[in-house]
Amino acid sequence: MEILTVTLNPALDREVIIPNFQLNQLHRIFNRENMIMDPGGKGINVSMMLSSLGIPSLAMGFLGGYTGRVILEELRRRFKDVTTNFVRMEEESRENLAIVDEMNHSITEINAMGPTIMEEDLLHFLRLYQTAVSHTKISLISGSAPFGIPLDVYASLSKMAKEQGNWVLMEARGRLLTNAVNQACPHVVRPDLRSDNKILGQEVESFSDYLDAGREIIHKGAELVVISYQMKHDLIFTRDASWFLTIIQESVDPSHLLGTGDVYMTAMIYNALKNGKDLLATAKFGMAAALAKTHYVKKEMPKLEDIQTCMEHIKVERLD
Amino acid sequence: MKVGDIMIRDISAVFEDETVERFIRLCANHMRTGLPVVDEDMIIVGMISENDIVNAVIPSYFGMLQSASFIPDTNQLKRKLAEIRKEPIHRFMNRNVITVREDDTLLNASDLLIRHKFFSLCVVDDQKHLRGLVNRSQILFGVLEELGLEQNPSI
């Protein structure tokens with residue numbers, strides 16, 4: 001097993017498709033396909049997408065209660081290439097419910113609160129992780145952390161993985177990311193900007209704010225930083241240079257952006273495995289995959305030929 | 001069909017020095033009756049089951065009585081469990097682990113299951129690293145799938 005993914009706060013994503021959804025009404029569902037149940041959480045998403053590309057991975061984190069069992073069963077049933085090693089706790093894992101009404105173009109979402117992790121479960125996880133990284137080559141640490149987890153946990157995980165010679169990729173936000181970058185900077189960093197425009201605690205607004213943030217993370221020790229900028233652009237930073245990538249001849253449907261970050265990370269891992277570590281090529285392949293993903297409604301990995309097509313729709317400009 | 005085609009790729013396990021209490025809680029959360037025991041290198045060193053703990057807390061002659069109604073009082077059980085709850089599980093685990101490998105046949109795995117009266121077996125690689133597990137119902141399901149490929153009974 002070469003690849004390890006970490007999901008500290010997995011979720012069961014449930015989607016119910018109800019045309020003309022109304023409050024105070026009974027809705028019957030006659031088609032099983034209109035009730036979708038997916039294991040979720042950023043690391044798990046990457047493991048599932050790698051599996052659909054035929055690449056095995058080890059998924060780790062915390063699962064709890066009945067919801068945790070459903071997440072695990074679905075993961076096992078549908079993705080044969082994912083090996084699981086989750087710490088099981090008493091409290092329930094998160095569950096997210098979305099009611100999609102394509103007739104009235106509405107989405108009603110109900111997100112349950114995640115569990116609180118007990119100290120003994122955290123210690124157990126850290127020990128399992130330490131054991132796991134001595135066997136893996138690539139570690140992906142992604143997403144949020146549930147209650148009870150200290151804010152330097154990603155720093156600790158990154159440190160352990162780096163010490164064992166892993167190539168560490170991280171997509172996260174807030175203090176979790178800031179602490180990791182400051183204390184044990186991962187090799188690849190993609191700040192998650194979905195909920196706010198802050199990187200390393202600083203608000204980013206102007207183009208130069210973004211440039212400063214990217215260079216700062218490189219300065220802290222990253223070898224590749226990817227920051228998305230105004231939806232149609234990505235800023236790519238390496239130790240030698242930085243680039244400005246732009247999507248051309250394409251209109252991006254914002255409603256299909258769900259899950260593009262996970263596709264991006266999956267594609268970068270895939271490219272690094274298949275074609276070696278040309279960092280600019282890796283990032284460009286990630287962006288092309290994310291662009292290809294916007295042609296799919298569901299949370300799934302685009303086909304390789306679609307990604308190849310999208311490679312031609314990306315313009316690369318060197319900044320320095 | 002091989003073990004690797006039907007196995008459950010889950011490597012949940014406990015370490016040798018974890019306590020009996022932790023093991024009991026993990027079993028409850030996992031809905032499992034036993035777990036593999038591994039060292040710090042994920043190499044399998046034993047198996048621990050609820051049965052091993054039960055055997056440790058009730059006097060050995062109860063096995064012969066075949067009925068719990070002979071147990072004089074539950075206090076004895078409580079007292080015994082209180083004594084061992086902080087003990088490391090390696091004191092109670094079974095070190096004689098029967099394992100299979102991914103490229104073993106289903107026939108070989110079922111033979112081992114029947115001969116040793118086990119419900120599940122650990123799947124390991126060449127260096128005995130834990131890779132997953134396989135149980136009776138999966139083997140039956142695997143055989144059924146194979147039958148399905150050969151013929152399609154119209155019942």
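A: What follows is a short chat about this predicted model, starting with a sheet and moving on to cores, one asparagine and the cysteines.

Q: In what order do the strands of the open sheet in chain A come?
A: The sheet is built from 10 strands, and their order in chain A is S5-S4-S1-S8-S9-S10-S13-S14-S15-S16, with mixed pairing.

Q: Which ones are the edge strands?
A: Those are strand S5 (82-89) and strand S16 (314-318) of chain A, each of which pairs on one side only. Ignoring direction, neighbouring strands of this sheet are turned against each other by 15° on average.

Q: And which helix packs on the sheet?
A: Helix H2 of chain A, residues 65-78, packs there and touches strand S4 (57-64) and S5 of chain A, and its direction makes about 175° with that of S5(A).

Q: How do S14 and S15 of chain A run, and how many bridges join them?
A: Strand S14 (residues 233-238) and strand S15 (residues 242-247) of chain A run antiparallel and are joined by five bridges. As for His233(A), its bridge partner in S15(A) is Thr246(A).

Q: Switching topic, how many residues are in the largest nonpolar core?
A: It has 58 residues, and those with the most contacts inside it are Phe62(A), Phe125(A), Tyr129(A), Tyr154(A), Leu157(A) and Ile217(A). Apart from this core lies another, of 40 residues, which includes Leu140(A), Leu169(A), Val263(A) and Ala289(A).

Q: What does Leu157(A) touch?
A: If residues up to four places away in sequence are not counted, Leu157(A) touches Val6(A), Phe125(A), Leu126(A), Tyr129(A) and Ile141(A).

Q: OK, Asn45(A) now: buried or exposed?
A: Asn45(A) has a relative accessible area of 6%, so this residue counts as buried, and its place is in helix H1 (residues 42-52) of chain A.

Q: Which side chain does it make a polar contact with?
A: The side chain of Asn45(A) is joined to that of Asp262(A) by a polar contact of 2.8 Å. Leaving aside neighbours within four places in sequence, Asn45(A) is in contact with Pro39(A), Gly40(A), Asp262(A) and Lys299(A).

Q: Is Cys122(B) buried or exposed, and what about Cys310(A)?
A: Cys122(B) is buried, with a relative accessible area of 4%, and Cys310(A), at 2% relative accessibility, counts as buried too.

Conventions. Residues numbered from 1 in each chain as written. Chains lettered and ligands numbered in written order. Predicted model: local features only at pLDDT ≥ 70, side-chain atom pairs only at ≥ 80, totals over all residues. Heavy atoms only, no water. Core = buried A, V, L, I, M, F, W, Y, C linked by side-chain atoms within 4.5 Å. Buried < 20%, exposed > 50% of the residue type's maximum accessible area, 1.4 Å probe, protein only. Contact = heavy atoms within 4.5 Å. Helix = DSSP H or I, 4+ residues; strand = E, 2+ residues; numbered from the N terminus. Polar contact = N/O pair within 3.5 Å; in protein donor to acceptor, adjacent residues only side chain to side chain. Pairing = 2+ DSSP bridges. Axes fitted to C-alpha atoms, helices over the stretch in contact; angles between N-to-C directions.
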